[in-house]
Amino acid sequence: VAMKLTKETKRRIRGPWSKAIIIKLVGRTVGFSYLQSKLIQLWKPLDKMDCIDLTYGFFLVRFYSKEDLDNVIKKGP
C-alpha cells in the first residue's frame, strides 16, 4: 500500500529529527552510559541531548538546540 503525504505532514514527522546526527564508533566497543556521559563531557551541550543506541556501533544523537548541533558539526568530536 502506498500513501501520499502532504508536505506539511512530512515536515511535522521530520521536525523532531532535524537536529539529529548518527555517529559510529570505530575501533572499540563502549557501553551506552559511558558513551553518553563522554559525549556530554566532550561536547558540553547547553540544552538537552538524547542518545539512542541503534546497535552495531551506531548511535543517534538528537539535540534540542540548533546551536549545540552546529557546534558539534563545526568543531568536531
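R11 counts as exposed because its relative accessibility is 53%, where exposed means over 50% relative accessible area, buried under 20% and partly exposed in between, computed with a 1.4 Å probe on protein chains only. The model in which this residue sits is a predicted one, so local features are given at pLDDT of at least 70 and side-chain atom pairs count only at pLDDT 80 or more, whereas totals for chains, interfaces and linings use all residues. Residues are numbered from 1 along each chain as its sequence is written, and side-chain values use heavy atoms, with hydrogens and water left out.

The side chain of R11 meets that of E8 in a salt bridge, with N and O 2.9 Å apart; the term stands for a side-chain nitrogen of Lys or Arg within 4 Å of a carboxyl oxygen of Asp or Glu. The two residues are three apart in helix α1 (residues 7-14), which means that about one helical turn separates them. Helices here are DSSP runs of H or I with at least four residues, strands are runs of E with at least two, and both are numbered from the N terminus. E8 counts as partly exposed, since its relative accessibility is 48%.

By the salt-bridge rule the count comes to three. Another of them joins D70 to K66, whose closest N and O atoms are 3.1 Å apart, and this pair lies within helix α3, four residues apart, or about one turn of the helix. Both partners are partly exposed, D70 with a relative accessible area of 23% and K66 with 46%. A further bridge forms between R62 and D50, the closest N and O atoms being 3.2 Å apart. This pair links distant parts of the chain, with R62 in strand β3 and D50 in strand β2, twelve residues apart, and both residues are buried.

β2 and β3 run antiparallel and are joined by six bridges, strands being taken as paired if DSSP finds at least two bridges between them. Within this pairing, C51 stands opposite V61 of β3. Two residues lie between the strands of the hairpin, in which Y56 takes a positive phi near 55°, although Y56 is not a glycine. Y56 is exposed, with a relative accessible area of 75%. A positive phi, near 45°, is also found at K44, again a residue other than glycine; K44 belongs to the loop between α2 and β2 and counts as exposed at 59% relative accessibility.

Next comes the interior. In soluble globular proteins, nonpolar side chains tend to be buried together. The largest nonpolar core here has 13 residues, of which I21, I23, L35, L39, W43, V61 and F63 touch the most other members; such a core is a set of buried Ala, Val, Leu, Ile, Met, Phe, Trp, Tyr and Cys residues joined through side-chain atoms within 4.5 Å. Two or more residues of this core come from each of β1 (20-24), α2 (32-43), β2 (49-55), β3 (58-63) and α3 (66-75). Leaving aside neighbours within four places in sequence, L35 is in contact, meaning heavy atoms within 4.5 Å, with I23, L25, V30, C51 and F59. V30 lies in the loop between β1 and α2 and counts as buried at 19% relative accessibility. The C-alpha atoms of V30 and G57 are 8.7 Å apart in space, although the two residues are 27 apart in sequence.

A polar atom of the D68 side chain lies 3.0 Å from the backbone nitrogen of L46. Not counting residues up to four places away in sequence, D68 touches P45, L46, D47 and F63. K48, found in the loop between α2 and β2, is 20 residues from D68 along the chain, and their C-alpha atoms are separated by 9.3 Å. K48 is partly exposed, with a relative accessible area of 47%, and, with residues up to four places away in sequence left out, K48 touches R62, F63 and Y64.

Terms used
Polar contact = N/O pair within 3.5 Å; in protein donor to acceptor, adjacent residues only side chain to side chain.
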